[in-house]
Amino acid sequence: MIHRNPRFAQLDALAAPDGDADLDGIDFAAFDVPACDTCGGLLKPDVVFFGESVPRERVQLAFSALGSADAMLIVGSSLMVLSGYRFARAMAEARKPIAAVNLGKTRADDLLSLKVTQPCADALAFLLASESPASH
């Protein structure tokens, strides 16, 4: 993508708490979005954007996984949209513990057993440490 849009690759933006970037005042009219090699349509990442519906099969798989989970860890999400919050609510209804790592308020704060108010990378850095107890 950088070779298609070298001017945009040079932009320096601060990361926003939601994982987005703050690029106010930038004109994106010249941004070159590649077309799909198969259909020629707009190429889009395999993500669900705000306002879109999560595919039904993905939701069913998630609820199935929650059914066999002992607990839930929420990392870096405010859960302000129902598509994520409903999973925390289901865990709470099943009386399973829920923990969150998030700098700000979450919609599920009243459901949490534990909340770590730190940047996600800092709070979870121990998972990447080569000498962590989890690696032994």
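Is Ala121 buried or exposed? Let me begin with that residue, which sits in helix α4, residues 120-123, and which is exposed, with a relative accessible area of 62%; the terms here are that buried means under 20% relative accessible area, exposed means over 50%, and partly exposed lies in between, with a 1.4 Å probe and protein chains only. Ala121 and Val101 are 20 residues apart in sequence, and their C-alpha atoms are 9.6 Å apart in space.

Before going further, a word on what we are looking at, which is a predicted model, where local features need pLDDT of at least 70 and side-chain atom pairs count only at pLDDT 80 or more, while totals for chains, interfaces and linings use all residues. Residues are numbered from 1 along each chain as its sequence is written, and side-chain values use heavy atoms, with hydrogens and water left out.

Now the overall layout. The protein holds four helices and three strands, and, read from the N terminus, these elements follow the order α-α-β-α-β-β-α; helices (H or I, at least four residues) and strands (E, at least two) are DSSP runs, numbered from the N terminus. Of the 136 residues, 17% count as buried. If we take the contacts between residues at least 6 apart in sequence, 41% of them join residues at least 24 apart, where contact means heavy atoms within 4.5 Å.

Let me turn to the sheet. The three strands form an open sheet in the order β1-β2-β3, and the pairing is parallel; two strands are said to pair if DSSP finds at least two bridges between them. As background, strands of a sheet pair through backbone hydrogen bonds, either parallel or antiparallel. In our sheet, β1 and β3, the latter covering 114-116, stand at the edges with a single partner strand each, so one side of each is left without a neighbour in the sheet. Neighbouring strands are turned by 15° against each other on average, direction ignored; axes are lines fitted to C-alpha atoms, for helices over the stretch in contact, and angles run from 0 to 180 degrees between N-to-C directions.

Looking at one pair in detail, β1 and β2, the latter being residues 98-101, are joined in the parallel sense over four bridges. Val75 has Val101 in β2 as its bridge partner, and Leu73 stands opposite Ala99 in β2. Which way do the residues of β2 point? Ile98 and Ala100 point one way and Ala99 and Val101 the other way, and all are buried. Across β1 and β2 lies α3, which runs at about 155° to β1.

That brings us to the second largest pocket, which has about 180 Å³ of space. A pocket here is found on a 1 Å grid over the protein atoms alone, as an open set of points where a 1.4 Å probe fits, with protein on both sides within 12 Å along at least five of seven lines, and lining residues have an atom within 4 Å of a point; grid points are joined across faces, edges and corners, and the volume is the space filled by probe spheres set on the points. The elements that give two or more residues to this lining are β1 (72-75) and α3 (82-93), and β1 gives the most, with four residues. Among the lining residues are Met72, Ile74, Leu79 and Phe87. By class, the lining has eight nonpolar, three polar and no charged residues, with Ala, Val, Leu, Ile, Met, Phe, Trp, Tyr, Cys and Pro counted as nonpolar, Asp, Glu, Lys and Arg as charged, and the others, Gly among them, as polar.

Leu79 is in the loop between β1 and α3, counts as buried at 7% relative accessibility, and has a positive phi of about 55° although it is not a glycine. In general, most residues other than glycine have a negative phi. Arg95, in the loop between α3 and β2, likewise has a positive phi, of about 60°, but Arg95 counts as exposed, at 77% relative accessibility.

Finally, the loop between α1 and α2. Leu23 is found there and is partly exposed, with a relative accessible area of 26%; leaving aside residues up to four places away in sequence, Leu23 touches Leu11, Ala13 and Phe28. Asp24 lies in that loop too, between α1 (6-9) and α2 (56-68), and Asp24 is exposed, with a relative accessible area of 68%.
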